[in-house]
Amino acid sequence: MTTHKTSEPFWWGLFSAGGVVAAFLVPIHLLLHGIAIPLGWLPADVTGYEHMRVLFGHPLIKIYLFVLIALPLYHWAHRFRFTLYDLGLKGLRTPIAILCYGGAVVGTLATVWILWLV
Amino acid sequence: MSTVTSDKSKLYYPKMPATWWLTRRAYFLFMLRELSSVFIAIFLVVFLIEIYQLSRGPAAYAAFVQRLASPGWIIFHVVALLFALYHSFTWFSLTSKVQVVRVGRRQVPPPLVTAANLAVWIVLSIVILLVFLFAQRPA
């Protein structure tokens, strides 16, 4: 049996952290931003541009939003990579790994940039 | 001692069909759980784009929220919410099985750990809702 060092535990760690964030925080944000706000269930002075810009401009909120958005991307990346293997695409393991983790990294950079802009 | 050679071409390697997960309910539910991560990721990307529109100004933001109110996007978010809840519930019951929690020398029974996770999730959701509704409220 040969053993070799891999970066697997690193990606698994991010997968795990992303899974915790997704499990605890995503449902309420889905309800808020995907359903309640578009359907007008909340007061306009809360969901309007003024309040949203001020709220999302706050540094602590930005840090929270970074964790909320970036970490579950690594959860997706790790899960999706192994799902593709489970669907029979083992022959493409390297491109798949690069696309999945690379996608999460690109998403993380986009999150930093967009939160910087707000 | 004579060497034994195995003729690999005579060995049978059964091929797993790509539809293996359709053969049993447990496998299908497993695949659904994996699929949940896709819906969560798509929602987060849409949310990120919404935040980007916020940086572009009131008109861009309002137009984007208007798009999210279309039937297609509402249906997507309802489906995504169901997947996210499935992820949450399976995650809480899984971590309670995988992570042994001890108080002193005794192990906390897994169902209790699951219930504690659920309780924390409910409290966190309420806190987030309250912060969203009442923080930085215009005077």
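1. In helix α1 of chain A, A:Trp11, A:Trp12, A:Leu14, A:Phe15, A:Ala17, A:Gly18, A:Gly19, A:Val21, A:Ala22, A:Leu25, A:Val26 and A:His29 meet a set of residues in α4(A). That set is A:Val67, A:Leu68, A:Leu71, A:Pro72, A:Leu73, A:Tyr74, A:His75, A:His78 and A:Arg79. Contact here requires C-beta atoms, placed from the backbone, within 7 Å. Helices are DSSP runs of H or I with at least four residues, strands are runs of E with at least two, and both are numbered from the N terminus. The contact of α1(A) with α4(A) has 15 nonpolar, 5 polar and 1 charged residues. Ala, Val, Leu, Ile, Met, Phe, Trp, Tyr, Cys and Pro count as nonpolar, Asp, Glu, Lys and Arg as charged, and the others, Gly among them, as polar.

2. This is a predicted model, in which local features need pLDDT of at least 70 and side-chain atom pairs count only at pLDDT 80 or more, while totals for chains, interfaces and linings use all residues. Residues are numbered from 1 along each chain as its sequence is written, and chains are lettered from A and ligands numbered from 1 in the order in which they are written. The scores are ipTM 0.94 and pTM 0.90.

3. The axes of α1(A) and α4(A) cross at roughly 125° and come within 7 Å. Axes are lines fitted to C-alpha atoms, for helices over the stretch in contact, with angles from 0 to 180 degrees between N-to-C directions. The angle makes α1(A) oblique to α4(A); under 35 degrees counts as roughly parallel, over 145 as roughly antiparallel, 65 to 115 as roughly perpendicular and the rest as oblique. The crossing of α1(A) and α4(A) is left-handed, that is, the near helix is turned anticlockwise from the far one by less than a right angle (clockwise would be right-handed).

4. How do α4(A) and α5(A) lie, and at what angle do their axes cross? The angle is roughly 170°, and the axes come within 9 Å. The two helices are therefore roughly antiparallel to each other. Their contact has 17 nonpolar, 4 polar and 3 charged residues.

5. In chain B, α1(B) and α3(B) (residues 71-98) pack at about 125° with axes 8 Å apart, which makes α1(B) oblique to α3(B). Their crossing is left-handed. Among the residues of α1(B) in this contact are B:Leu32, B:Phe39 and B:Phe43, and those of α3(B) include B:Phe83 and B:His87.

6. Helix α1(B) covers residues 25-56, 32 residues in total, and reaches 47 Å from its first C-alpha to its last. The expected span is 46 Å at 1.5 Å a residue, taken as 1.5 Å times one less than the number of residues. Just after α1(B), B:Gly57 takes a positive phi of about 125°.

7. Chain B averages a pLDDT of 91, and 93% of the residues score at least 70; pLDDT is the predictor's confidence in each residue, from 0 to 100.

8. The contact between the chains takes 45 residues from chain A and 44 residues from chain B. On the side of chain A that touches chain B, α1(A) gives the most, with 14 residues.

How values were computed:
Contact = placed C-beta atoms within 7 Å.
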